[in-house]
Amino acid sequence: DQLNGDTISKENIDNKIQNNISSKVKVDTNQTAIPLYAPNEVIVMFEDNNLIKKEQNMDDAFEQMDKDMASAFKQMDDELKTAMTNMEAEMNATFSSVFNNVFGSDSNFTNQNFVNLGICFVKSTTKTTQEMIEALKNNPKVKFVAPNYTVTISDEYSDKLWAIKNVGQVVNDESGTTDADMDVEEAWNITKGNSDVVVAVLDTGVDYLHEDIKDNMVSDGAHHGYDFAGDDDGNNDDDPMPDTPYREKGHYHGTHVAGTIAATSGNGRGIEGIAPNVKILALKVFRPKGYGYTSDILEAYDYVAKKKKEGMNIVAVNASYGTTSGNQNDSQNKAIKKLGNLGIVFCAAAGNDGSNNDAKPHYPSSYDASNIIAVAASNQDDELANFSNYGKNSVKLVRDKYGNSWFELIVDP
């Protein structure tokens, strides 16, 4: 009911995806019809050795530049800028070659390249999603092709601040256990974060004028981020302010998340974030109807990679979305790994289905990218929240007061 990241490749066609493609809509818990995927659109990765080699060379070059980030990122070599332009041109050439070969002409298709990820988003005016997949899935130049699936947010169950300081207060009509919290005050004795550090929040947008957040927004143009889902057609703009009505369809969610991370400390208003000195980069990826698409998410990943390469010190992405539908070969896993190569941690919700992610993977939190931290939820008694997913091998962050190993507060190196 959230992000469906399944892919269709020439090696392995998932029957579940084929069943999904036959279904036109899915229904959420409020019986509101949500399209399963965008019609006449697909996500494509081409099997092109030249592109892959160029992409790897660029990654290696940026990794070398990372050794002297302060100066090298801000003075990006003209050769690397040229390489980006050349890669865009080569991706366009590969797109035209493949689509001309398969369909006779690419004139009825438009493509958007996520150059930093090596992934292509394609729209058609004449072909359905299923027709494009059937025609492309066995093409030797196509590594994989998938529908442009819808994305929905993972909402929160409590807006109380017992997680910062638990003194046994009553939350949702239940009293908690003293000190069953994150020991945030102890962490604050060491640091409250640094204003040079940026966290990218991929969500419903952020109210950057909010009195408790406005001082901790990154300087990235007039509006402190970008909107990759400005309308229900997915058109972009530079204003990541949440859609309205604010309290409907989860539009408040991104602001809630941003406040949890970095609400201003000591201003006598609202709440205090976990790291109140860091900056928030607001990337809106959910459309006015309350959902987005894989293409919106990938476009935001590409933007994060671009900004990192330009010198913005993005250290983490917050991703509060997910689904049980997906696999290790899809486009999002590749994109998240590329962010990891740039030194970006990817914090993903473990899910709110109350299920074992080891037995039934939840994506993106269950991808095998080494930079992912899958985060479950605990309650005010230091026990796993009754709605939270879990997994001894797949969930990395949450702790049970009884010391059960599958809840341990351990992040594997």
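Two strands are taken to pair if DSSP finds at least two bridges between them. Helices (H or I, at least four residues) and strands (E, at least two) are DSSP runs, numbered from the N terminus. The model is a predicted one, in which local features need pLDDT of at least 70 and side-chain atom pairs count only at pLDDT 80 or more, while totals for chains, interfaces and linings use all residues. Residues are numbered from 1 along each chain as its sequence is written, and side-chain values use heavy atoms, with hydrogens and water left out.

**First stop: the open sheet**

Select β3 and β6, which pair in the antiparallel sense over 6 bridges, and look for Phe46, whose bridge partner in β6 is Val142. Widening the selection brings in an open sheet of 5 strands, in the order β4-β5-β3-β6-β12, with antiparallel pairing. β4 (109–114) and β12 (292–293) stand at the edges with a single partner strand each, so one side of each is left without a neighbour in the sheet.

Now follow β6 (residues 142–151) to β12, with which it pairs in the antiparallel sense over 2 bridges. Here Val151 has Gly292 as its bridge partner, and Thr150 stands opposite Tyr293. Of the 10 residues of β6, 9 are buried, so the strand is largely enclosed by the rest of the structure; buried means under 20% relative accessible area, exposed over 50%, and partly exposed in between (1.4 Å probe, protein chains only).

**Second stop: an enclosed strand**

Select β9 (residues 198–203), in which 6 of the 6 residues are buried, so that this strand too is largely enclosed by the rest of the structure. β9 pairs in the parallel sense with β13 (residues 314–319) over 5 bridges, and in β13 the bridge partner of Val201 is Asn318. β9 is also joined by 6 bridges to β11 (residues 279–284), again running parallel, with Lys284 as the bridge partner of Asp203.

From Lys284, move to Asp243, whose side chain it meets in a polar contact of 2.9 Å. A polar contact is a pair of N or O atoms within 3.5 Å; within protein, one must be able to donate a hydrogen and the other to accept it, and residues adjacent in sequence count only if both atoms are side-chain atoms. Asp243 lies in the loop between β10 (225–227) and α7 (253–262), and is buried, with a relative accessible area of 12%. Leaving aside neighbours within four places in sequence, the residues in contact with Asp243 are Thr204, His251, Lys284, Phe286, Arg287 and Pro288.

**Fourth stop: the nonpolar core**

A nonpolar core is a set of buried Ala, Val, Leu, Ile, Met, Phe, Trp, Tyr and Cys residues joined through side-chain atoms within 4.5 Å. The largest one has 41 residues, of which Leu202, Leu281, Leu283, Tyr301, Tyr321 and Phe346 touch the most other members. Helix α8 (residues 294–310) gives the most to this core, with 7 residues. Centre the view on Leu281, which, not counting residues up to four places away in sequence, touches residues including Val198, Val218, Tyr303, Met312 and Ile314.

**Last stop: helix α9 and the cysteines**

Select α9 (residues 331–341), where the buried residues include Ser331, Asn333, Ile336 and Leu339. At its start, a side-chain oxygen of Asp330 reaches to within 3.3 Å of the backbone nitrogen of Gln332, and the helix is followed by Gly343, whose phi is positive, near 85°. Finally, select Cys120, which is buried at a relative accessible area of 0%, and Cys347, which at 24% relative accessibility counts as partly exposed. The structure holds 0 disulfides, a disulfide being a pair of cysteine sulfur atoms within 2.5 Å.

Definitions and conventions. Contact = heavy atoms within 4.5 Å.
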